[in-house]
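Let's take a walk through this model together. Have the sequence and the 3D view at hand as you read.

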Amino acid sequence: MQWFEYARPESVDEAVRLLSEHGEKARVLAGGTDVLVQLRGGFRSADWVVDIKEIPELNGIAWDDSSGLTIGAAVPCYRVYENEDVKKHYPGLVDVASLIGGTQIQGRASLGGNLCNAAPSADAVPAMIALEASGRVVGPDGARTIAVEDFCTAPGKNVLKPGELLASLHFPAPKPHSGAHYIRFIPRNEMDIAVAGAGVSVVLDNGNFASARVALASVAPTPLFVKEAGEALAGQPVNDESIQRAAEIAEQAAKPIDDMRGTKRYRKHLCEVLTRRALHIAVERAKGNN
Amino acid sequence: MPRKVQVQTKLNGEQVEFLCEPRQSLLEVLRDELGLTGTKEGCNDGNCGACTVMFDGRIVTSCLVLAVEAEGKEITTVEGIAAGNELHPIQQCFLEGAALQCGVCTPGILVAAKALLDQDSNPSEEKIRFWLANNLCRCTGYDKIVRSVQAAAEKMQEAR
């Protein structure tokens with residue numbers, strides 16, 4: 001691997017100072033499951049690697065009935081899916097934290113890292129978009145909040161400016177009668193990159209959809225928020241027809257490429273199937289969630 | 001050029017100190033600096049699991065951990081599994097069940113399987129297979145591995 005210096009700041013301020021000082025030449029290290037592979041393979045370079053795991057704010061999970069859930073950007077997946085509050089209130093997040101990589105990767109990889117790495121196939125990102133998550137970004141000019149759907153800008157690129165750091169992810173408290181699910185298609189049973197994926201959330205009201213959100217993985221240059229699919233469900237009765245229409249909107253919105261993992265046509269078809277299946281499961285979860 | 005960094009860590013129950021370059025992986029330091037060659041290098045990018053070690057109570061692929069991150073942590077490698085000359089039940093069962101052929105994946109699988117049995121004394125076959133999904137074996141076809149993990153679980157339960 002190329003030479004670099006290593007720093008382990010213990011506060012957000014210290015991390016921002018280091019990142020500001022070294023600008024584009026600094027890379028943040030959380031679980032390292034993407035960045036170390038990229039540095040070793042020469043796909044990215046760095047003079048400084050800034051390890052953020054010792055910063056308390058980036059390493060905690062906090063739940064509050066009214067304000068919702070906050071997950072530090074460096075919290076590894078296993079701490080997300082083993083957390084009692086997450087299990088109780090955000091089963092859609094458990095889905096995704098437990099299917100990223102295998103056991104070893106889940107011991108290190110974080111949802112924050114999955115977002116910052118900005119892969120089109122990032123499994124956690126559609127799930128977080130469906131859950132209306134936002135990122136708290138800190139930098140030399142203070143803090144700002146960015147909706148997850150606005151975070152990734154191109155494959156491997158995000159909205160962070162030099163010196164800025166994703167500190168935490170925030171998830172609003174789930175509404176009564178709400179449910180979420182993420183489902184992906186891979187040719188194996190585990191340990192693979194999504195050919196396509198769908199993250200959805202629904203809120204029900206007396207047999208109708210009050211609202212819904214749909215987001216897709218691996219079918220656009222960034223994880224794709226399909227706002228119109230959710231809007232088409234709002235106010236509609238919960239039945240196969242309304243769900244099918246939303247799934248077809250997701251299929252139309254997908255802009256995939258042909259590559260070794262699948263063709264455009266196949267991926268678009270998958271978007272319809274996966275959105276439909278994910279919506280059915282989210283509806284079942286919502287019915288059980290009073 | 002960056003300097004070397006001094007790291008103190010607890011390795012297989014003993015306090016150790018080493019010097020490393022910040023770019024060196026934990027895997028490189030275990031093998032090349034500390035002489036613990038039980039941990040194997042397979043893919044060197046986190047896919048194959050041959051370099052699996054316990055790192056502060058969780059299994060990780062040591063190729064994706066920087067050695068400098070070991071400061072103040074606790075690490076167990078395959079060398080730390082047996083009690084002196086007595087093999088751990090998982091090691092004994094792998095021998096008896098012929099759960100290895102070339103053996104390159106075996107240290108990582110032993111560390112990973114032991115971690116599973118430490119938290120679940122009677123895992124289902126499905127749970128074993130998903131838990132070990134990050135450990136690739138190109139020889140055995142996995143069946144003997146899974147059966148040996150089940151045998152170890154039984155043996156450990158009997159011993160309780």
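In what order do the five strands of the open sheet in chain A run? The order is β4-β5-β10-β6-β7 in chain A, and the pairing is antiparallel. Before going on, please note that this is a predicted model: local features need pLDDT of at least 70, side-chain atom pairs count only at pLDDT 80 or more, and totals for chains, interfaces and linings use all residues. Residues are numbered from 1 along each chain as its sequence is written, while chains are lettered from A and ligands numbered from 1 in the order in which they are written.

Helices (H or I, at least four residues) and strands (E, at least two) are DSSP runs, numbered from the N terminus. Two strands pair if DSSP finds at least two bridges between them. At the edges of the sheet you will find β4 (61-64) and β7 (142-147) of chain A, each pairing on one side only. Direction ignored, neighbouring strands are turned by 20 degrees against each other on average; axes here are lines fitted to C-alpha atoms, for helices over the stretch in contact, and angles run from 0 to 180 degrees between N-to-C directions.

Now look at β7(A) and its partner β6 (residues 134-139) of chain A: six bridges join them in the antiparallel sense. S134(A) sits opposite A147(A) of β7(A). Across β6 and β10 (165-171) of chain A lies helix α1 (residues 12-22), at about 130 degrees to β10(A).

Finally, turn to chain B: 23 of its residues are in contact (C-beta atoms, placed from the backbone, within 7 Å) with 22 residues of chain A.

Definitions and conventions. Two residues are in contact if their C-beta atoms, placed from the backbone, lie within 7 Å.
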